[in-house]
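Q: I have a model open here and would like to go through a few details with you. Can we start with a single side chain and then move on to how the chains meet?

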There are 2 protein chains.
Amino acid sequence: MIHPAWLPSEAFRAIGSRRVLVQGTGPLADTVRHEIAEACARFGGTVVQDRKTAELILSIAGPGGEGFRLGRRGDATVISADGPSGLLNGLFEVVRRGERAFGPALTDERHVPALARRMLDHWDNVDVHPVMGQVERGYSGGSLFWHDGRPRDLGRVRDYARLLAASGVNAVAINNVNVHTTETRLLTDRLTEVAGLASAFRVYGIRVHLSVNFAAPVILGDLPTADPADEAVRAWWKSTTARVHEAVPDLGGYLVKADSEGQPGPFTYGRSHADGANMLAEALEPYGGVVHWRAFVYNHRQDWRDRSTDRARAAHDHFAPLDGTFRDNVILQVKHGPMDFQTREPISPVLLGMPSTRLAVELQVTGEYTGQQRHVCYLPPMWSEVLRAVAGNVSGLAAVSNAGDDPFWTGHPLAQANLYAVGRLAWNPTRDPIAILDEWIDLTFPGASAELRDVLHDLMDESWQTYEQYTAPLGAGFMVRPGHHYGPDVDGYEYTPWGTYHFADRDGVGVDRTVATGTGFTAQYPPLWADRYESLATCPDELLLFFHHVPYGHVLHSGVTVIQHIYDTHFAGAHRVTAMRERWQEAAGLVDPALHARVTERLDEQQRSADEWRDQINTYFYRKSGVPDAHGRPIH
Amino acid sequence: MIHPAWLPSEAFRAIGSRRVLVQGTGPLADTVRHEIAEACARFGGTVVQDRKTAELILSIAGPGGEGFRLGRRGDATVISADGPSGLLNGLFEVVRRGERAFGPALTDERHVPALARRMLDHWDNVDVHPVMGQVERGYSGGSLFWHDGRPRDLGRVRDYARLLAASGVNAVAINNVNVHTTETRLLTDRLTEVAGLASAFRVYGIRVHLSVNFAAPVILGDLPTADPADEAVRAWWKSTTARVHEAVPDLGGYLVKADSEGQPGPFTYGRSHADGANMLAEALEPYGGVVHWRAFVYNHRQDWRDRSTDRARAAHDHFAPLDGTFRDNVILQVKHGPMDFQTREPISPVLLGMPSTRLAVELQVTGEYTGQQRHVCYLPPMWSEVLRAVAGNVSGLAAVSNAGDDPFWTGHPLAQANLYAVGRLAWNPTRDPIAILDEWIDLTFPGASAELRDVLHDLMDESWQTYEQYTAPLGAGFMVRPGHHYGPDVDGYEYTPWGTYHFADRDGVGVDRTVATGTGFTAQYPPLWADRYESLATCPDELLLFFHHVPYGHVLHSGVTVIQHIYDTHFAGAHRVTAMRERWQEAAGLVDPALHARVTERLDEQQRSADEWRDQINTYFYRKSGVPDAHGRPIH
C-alpha cells in the first residue's frame, strides 16, 4: 500500500461532487479532464459541457503561462488560466481550497509563480553505487526511476509527478549530479529511459532535465578531449543534444556538477566555468533548453593546517568574477549557504553578488545534515528565511528531493511536508511556512481534528530549531560522522581535507571569517551584510561561530555565555524530543496505524540520537573548556 | 613476475652444487628430494645413492616429529630427522646456513620447535565482502586462495606453502574468522576447495584448518538451533566433521570466533564458551583435530558514557573462570594484548592466568594498526617481548598473515620480513629479532653488500619504535580513523560503542585501570605484574596511559612531562622517517629496481602519513592542554 501523501482521493471530494466544465485542448487539459472525471466518478459529480449549469469552470483563457485567475462568476467558481499549465495549477488550487473554493465569499485572485523554474533534483543512480547506493543521500528506500541498473515501471513515477504538480513543481532533474559511467549513457544509448520518464512527467506539466558528465565526449569514447574550446567537442555536444531532443523534444536542459569533489570540468583544460557552461548552453539554445551549472566548486583536498584557505569563500571566489559572462540560457545553481546544507548557515554571498547572471537557489529537501528523515525536521522555516532574502535575485529554485520507493515516499511520513512545502515556497516565497504546514495537514489528513492538528504543529513547527539545539551549536556546522553524516562526531572533519573546521581548543571555538583578523569571507557580502557579520556586536548569535572565534566565556546577545548556551540548548533540545515523543502518543487512533507506528519508531531513534548528540557535544566542550554546567546537570 | 621472497634460487646454491643423499620415504621425503633435484639441476650438484660420496645426507632417523639433528660425519653434513617433517625442516636449516653448513667447524646441534603448532590465520573471504573486500584487513592485493567467489589456481599456493615451511610454519587457517554465508559452505558442499588447498599445503608439511561458523547447523538450513546442548546439534557436528575428514583426512581442526563482534556463539543459547568449544572438540577428537577457540570476546555495543565497563577486562572476565573446563583438544587462542593488536599493549592477563588450559598466542602480522604495509614496521621486537613473557604458558602461536596476491607477496616488500620472522620466532621465541632480520636479509638478498645490510638495518631495526613515536602515545592506542584504521583520528573512537577510549580533557589523558581508583583491570594480573602496573612509580612509561589517567604535567621516568613527551616523540618519529627515506636512496642499484621503486613509493606515503600523525596529535594535545612545545617547534 502506497501512502497517498497530500493527494488522498478525499482531497477531491469538493470538486468531485459538483458539475464541472473543462474548456481547452491539449495534453494538460486532458490531464485535468481525467482528474475531474475520476473525482466525479468517486463522489457523484458530473462533467458538463455548458457554462450555464456548471459549478466549477476551468478554462484556458490565454496563449500560455502557468498563472491563473480564480474567482466567482454567478454561482460558479471559475479558473481562467494563462495557458495549459495554468489550468493544471488552477485545478490544484481548487483542490487545496476544498469546499472553501465554492463559497460566494470567494474574491477574485490572480496567481502567478514567483519563480519561473521550480525544480526537484534527484540524486538517483542507474547502477547501485558501491558506497552511495541507489540514491545518493537518499533516506527513503530505493529510486523511483531505477532499480539495480534497470528502469522501473512508470506507474509510480506518474503518481509522483502528480504529487509534484500539486505542490507547484514544474521541473525535475532525474539523475545524480555525480554522473558515473552508466549514467553518462543516459545522454546517448539509454535515451529511451529518459524519454519514458519524460512522458510520465509531461502529463503533469513537468519538464525533465538530465544531469550530464562534462567529460561525456571522452567517457563515451568518441573524442580524446572534452575541452570546451575544441571545435570537435562543441560539435559533439550539438549533435548529441540534437539527438536527445529527437527523443525528448521538451527536455528542460542539462544539470552539471563540474570540477567539484572529483567530477571533471573545464579546469582540466584551463578553461573557465563560463566557457564550459556556455558551450552546453549553445548546444541547448535551439531547443529552448537551459544549463543548470552548479556553483558548488571548492578545494576538497585542502590541508587542515592551512588556515588561510576558507571553503566558505570558494563559490564566490570562483564565480563572482564571471558575472555577466554566462549566456542567457545558463542558470548558475547556488546552494543557499556558502558551505553545504548545514542546519544553520548564512546566505551564500553568490546569491547576493551576481546581478548579471541568472541564478537558481539550491535547497536540500533530503535530510543529509538534518536528521536523515529519522528525525522530525520541518525545514520550511529555514527555507523561508533564505527565500525572503534572495527571491528578488533568483529566477529559479532547485531542491534535492527526499522521495524514494518507500511506502510513505519519504521514509519519515512527516518528511512529506518538506517535499510538499518546497514547491509551495518556490511558487510563493513570501508564504508563511506554518500556513503551508496547515495546508499540508488539510490535504494529507482530510478532516483532521483540532487535536491531531495541534499534535502535528507541536511536533513540526519548531522541529528545525529543536534539531539545531541538540546538534552543532551557533552555526559551527559539520560535527557529524564523516561519510554517512548521521550522528555526532565533533572532530570528525576537524583534521580532514574537506575544509570544514571549528577550531575548538581549551580557550574557545569558532572560525574567524572577518576581514579584520580572519579569512576575509565577510567582505564577499554587500556592505550592510558584511558589517553585520564582521562585528561581534551585530553578528546574530545563531551564526556567531560561523563568523567568529570566541572564548567560551563570551556573552551572547541572549545574555548567556557560549559554553552555557551549548549546555542549555543541548539539554533543552533533547528534552523537547522527549516531549515530542509523548505528544505523538496522543495521536494514536487519530491517524492510520501504520503511519503512527512508523513515526513512533522514528521518534524512538530521534530520542536515542538526540541524547547521543547532547552527551557528546556537552562532554566534548566540557573536556575542552573545563567549565561546569551552571545548573549541575549530568555531563559525562 | 612474482618476487621469490626468502627463497630465491640462489639460496640453494650451496646445496645444489654438492653431492646429496636423501634417505626416507613418503610425501615429505619426496618434497625434499624434489627440492634437492631442482637445486642440483641448477647448480651442478648430484643426487647420490650412497653415503660414501655424499657431502650432504638428509635422513629420517626416527618415527616422527619436527625436530632434527645437524652435524658433521666425516666430510659430510648430516641431518638426522625425527620424522618426515623434521627432514623438511632440516633441509631449510641447511638452506639458511648456505656454505656455512658445510664447514668442518659445524658442531652437533639439535633443533626442536618450542611451540608445537605454528599457525598462520588467513582472513580471506570466498566472496568479496562489500566492506572488507576479498581479504579482511588485507593490504597485499587479493587472496591467494580465492578470487571473486571462485578458488584460484593452486600453483602460487604451493609457492606460498614452500615459503611458509621454510620459515617454520606448520599450520594454516585458510578462511576468515568472520565466516559469512558462502564461507560457511566450505564445511559442506565447498569441501573440494578445502581439499585442494590442503593438497597444496600438505607437501610442505602444513596442515590446513578451517574457520567455521558456530551457527552453521542453522545457516546451512539443517537444524532450527545451534545449541551445543542439543543432541541433534552435537550429532550434526559429528557427522559433518566425519565428512570433512573423508575429504581432508589430515585437517588440523576448526578455528572459531564466537559471540564476538556480531558473530554467533553459545551465548545465544545460554551456554558457556566451554560448552561451545567442547562440542566441536568432541567432534574433532576421533581425527586428532583441535579447536582453536578465540578469546576475543567483548561488548562492542558499549556505552561510552559508562566508565565502569572496561574492554581490556573482557577476555579475562569471560574465560579465566572457565580454566580447566575445556577438553584437551581445545586451544584457547588469545590476542597478545587485552585490546586489539595496538602498537603497544601490555600482555593479555589471559595468557598468564589459565594454567589448566591449552593456550595459543595470537599475533597480527598484517599491519592493521601498524601502518598497513605502507609504513616500514618490523614487528618482531614487539613479538619477542610478548613471546619471552608467555612462551612457557602457550603451546602454539597463531598469526594473522600479511600475504596476498601482490607480486611482492606483502605489499611493502620489507613486510616480507614480518611474515618470515613470525615463523622463526614461533620455532624459537628466544631468538634475537635482529638476528632473524639478518637471516632474512641473507636469504632475500643473496650476497647482500655490507652497505645494503646497513641500509636495511637502519630502516627496519627500530621501525616499530619509530611508528610508535609518531602515532598514539604512551600506550593510549586507538587514535585511528574508524573503519579502515589507517591514519590519525584522535577522537575517532572516543564516543563510540567499541570500548576504546583515552579520556583526554584539558587537564590530562589516559585510562585509569587501577584497582585503587579505576576499572580494576590490573587485578587480573599475577601479583608482581599487578603491582608494577598499579603504581605510577613502577608502571613503565610506554604503558602509562594504558593504565593511568595523568595530568599533562606528570613527569615520566624519562624525566620529561607527558605533554612534552608527546611533542618530542612526534617530532622525532616523523623526522626519523625523513632519515629513512634519504637512507633508502642509497640502496638504489643495490636491489632489484622494481623493489626499490616500490619501497620508495611506500616511504613517500609513510612520510606524508607520519607528518599527518605528528601534526594531528600535537595539535590535538596542544589545543587541549594549552601547553606550548618547550622547543618552539611548529604546532598548527
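Q: Is Glu183(A) buried or exposed, and what is the nearest side chain of opposite charge?
A: In this predicted model, Glu183(A) is buried and yet takes part in no salt bridge, the nearest side chain of opposite charge being that of Arg190(A), 7.4 Å away.

Q: Which helix holds Glu183(A)?
A: Glu183(A) lies in helix 5 of chain A, which covers residues 181-184.

Q: And what does Glu183(A) touch, not counting residues up to four places away in sequence?
A: With those sequence neighbours set aside, Glu183(A) touches Asn125(A), Val126(A), Asp127(A) and Asn175(A).

Q: Switching topic, how many residues are in contact between chain A and chain B?
A: On the chain A side 25 residues are in contact with 26 residues of chain B, and the area buried between the two chains is about 2,400 Å², with carbon and sulfur atoms giving 45% of that area.

Q: Which three residues supply more than any others of the area that chain A buries?
A: Those are Tyr495(A), Arg506(A) and Arg623(A), which together supply 34% of the area that chain A buries against chain B.

Q: How many salt bridges are there between chain A and chain B?
A: There are six salt bridges between chain A and chain B, among them the one that Arg305(A) forms with Asp615(B), where the closest N and O atoms are 2.4 Å apart.

Q: How do the residues on that side of chain A divide?
A: The side of chain A that touches chain B has twelve charged, seven polar and six nonpolar residues, and 19 residue pairs are in polar contact between the two chains, counting pairs with both residues at pLDDT 80 or more.

How values were computed. Residues numbered from 1 in each chain as written. Chains lettered and ligands numbered in written order. Predicted model: local features only at pLDDT ≥ 70, side-chain atom pairs only at ≥ 80, totals over all residues. Heavy atoms only, no water. Contact = heavy atoms within 4.5 Å. Buried area = accessible area lost by both parts, 1.4 Å probe. Salt bridge = Lys/Arg side-chain N within 4 Å of Asp/Glu carboxyl O. Polar contact = N/O pair within 3.5 Å; in protein donor to acceptor, adjacent residues only side chain to side chain. Nonpolar A, V, L, I, M, F, W, Y, C, P; charged D, E, K, R; others polar. Helix = DSSP H or I, 4+ residues; strand = E, 2+ residues; numbered from the N terminus. Buried < 20%, exposed > 50% of the residue type's maximum accessible area, 1.4 Å probe, protein only. Lys, Arg positive; Asp, Glu negative; His and termini not counted.
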